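This report describes how two chains meet in a structure. Please consult the sequence and the 3D view while reading.

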Number of protein chains: 2
Amino acid sequence: MRNENFSHLECPLARTLSIVGEWWTLLIIRDLFYKINTFDTICEDLAISRNILTDRLKKLEKNGIIEKQLYVERPKRYKYQLTKKGKDLYPVILTMVAWAEQWESPKGKVVLLKHDGHLIETTTICRKCGKAIEPRDVQVEIGPGASRPDVLPLPLRPNAGRK
Amino acid sequence: MRNENFSHLECPLARTLSIVGEWWTLLIIRDLFYKINTFDTICEDLAISRNILTDRLKKLEKNGIIEKQLYVERPKRYKYQLTKKGKDLYPVILTMVAWAEQWESPKGKVVLLKHDGHLIETTTICRKCGKAIEPRDVQVEIGPGASRPDVLPLPLRPNAGRK
């Protein structure tokens, strides 16, 4: 499988995609939220090859998203657990699920996500003002962490020539 | 590039990934939110090959996420515009950006997203009760749109044998 790299883009979205944007990765993380957390059960659940699963788990561990835990001594058996960094990906999964429910569920919802006894209605707001974040209201500016103005998104690049 | 397919999984996350989970697709959608919306400017902004961009734009159009608009008659020039379905992907992008800002921005934020004069603090809540959605509070049940119980996530499969 081709390994794409977004390191030429100085953009937080590209950074997230570099880590969790490979095929299968977010589905593996979903499984860990479901407590499907051993190599064999993830393999069975997603019906993916052992090679790909090994590769993805290694990358997730290297990036601090999961931790491997020994749970049987003989023979050695491991389970995988999301770190805080990994658990913080839950909103990404929730917003993707909400989008599919809205736009790609012609026969109705396939899974029902509930809490406190009612169906969840996912919505993304700004914690500071409590308002929904509408694309048209958002202004984008260069932040202090930007080191390479040449790879900023085009509208933020100094002297960017727009065609 | 290998084309993965998640159609053997009956899961809303898999459905969203089938449509926007390919390398580059979410970055192209991000560009459209930035009004970088012609073939040449997207190509320049992301530094991707024309082949890949052509492929991704076709798929996005086919899936009803973008529309092509003629904006110059001679020579024919098109720009791409997000449909309502495409604009509804904004929360997916916002939550990915928020995650990178939290976990993968050692030198500080690269871009600042503001609205109403303040920095956005993205948070995902349940519209019904106004509460944050914590993974541990969420119960998952089979919905009315589930047609293939054999491809439901493992914990929801009838008679699923857990190892």
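Residues are taken to be in contact when their heavy atoms lie within 4.5 Å. In this predicted model, the contact involves 99 residues from chain A and 99 residues from chain B. Of the area that chain A buries against chain B, 9% is supplied by W23(A), W99(A) and V110(A), more than by any other three residues.

The size of an interface is often expressed as the accessible area lost when the parts come together. Here chain A and chain B bury about 9900 Å² between them, with 66% of it on carbon and sulfur atoms.

**Symmetry.** Chain A is superposed on chain B by a rotation of 180° with 0.0 Å of shift along its axis, at an RMSD of 0.0 Å. The two copies are therefore related as by a two-fold rotation axis. The same surface serves both copies, since 100% of the contact residues of chain A recur in chain B. Among the residues of chain A, T124(A) comes closest to the rotation axis, its C-alpha lying at 2.2 Å.

The counts between the two chains are listed below.

| Link between chain A and chain B | Count |
|---|---|
| Salt bridges | 10 salt bridges |
| Polar contacts (both residues at pLDDT 80 or more) | 31 residue pairs |

On the side of chain A that touches chain B, helix 6 (residues 90–103) gives the most, with 12 residues. The residues of that side comprise 53 nonpolar, 18 polar and 28 charged. One salt bridge joins K128(A) to E121(B), with the closest N and O atoms 3.8 Å apart.

**Strand pairing.** Strand 3 (residues 111–115) of chain A pairs with strand 6 (residues 139–142) of chain B in the antiparallel sense, over four bridges. Within this pairing, L112(A) has E141(B) as its bridge partner in strand 6 of chain B.

Methods. Residues are numbered from 1 along each chain as its sequence is written. Chains are lettered from A and ligands numbered from 1 in the order in which they are written. This is a predicted model: local features need pLDDT of at least 70, side-chain atom pairs count only at pLDDT 80 or more; totals for chains, interfaces and linings use all residues. Side-chain values use heavy atoms; hydrogens and water are left out. Copies are superposed by least squares on the C-alpha atoms of residues with pLDDT of at least 70 in both. Buried area is the accessible area (1.4 Å probe) that two parts lose on being put together, summed over both. A salt bridge is a side-chain nitrogen of Lys or Arg within 4 Å of a carboxyl oxygen of Asp or Glu. A polar contact is a pair of N or O atoms within 3.5 Å; within protein, one must be able to donate a hydrogen and the other to accept it, and residues adjacent in sequence count only if both atoms are side-chain atoms. Helices (H or I, at least four residues) and strands (E, at least two) are DSSP runs, numbered from the N terminus. Ala, Val, Leu, Ile, Met, Phe, Trp, Tyr, Cys and Pro count as nonpolar, Asp, Glu, Lys and Arg as charged, and the others, Gly among them, as polar. Two strands pair if DSSP finds at least two bridges between them.
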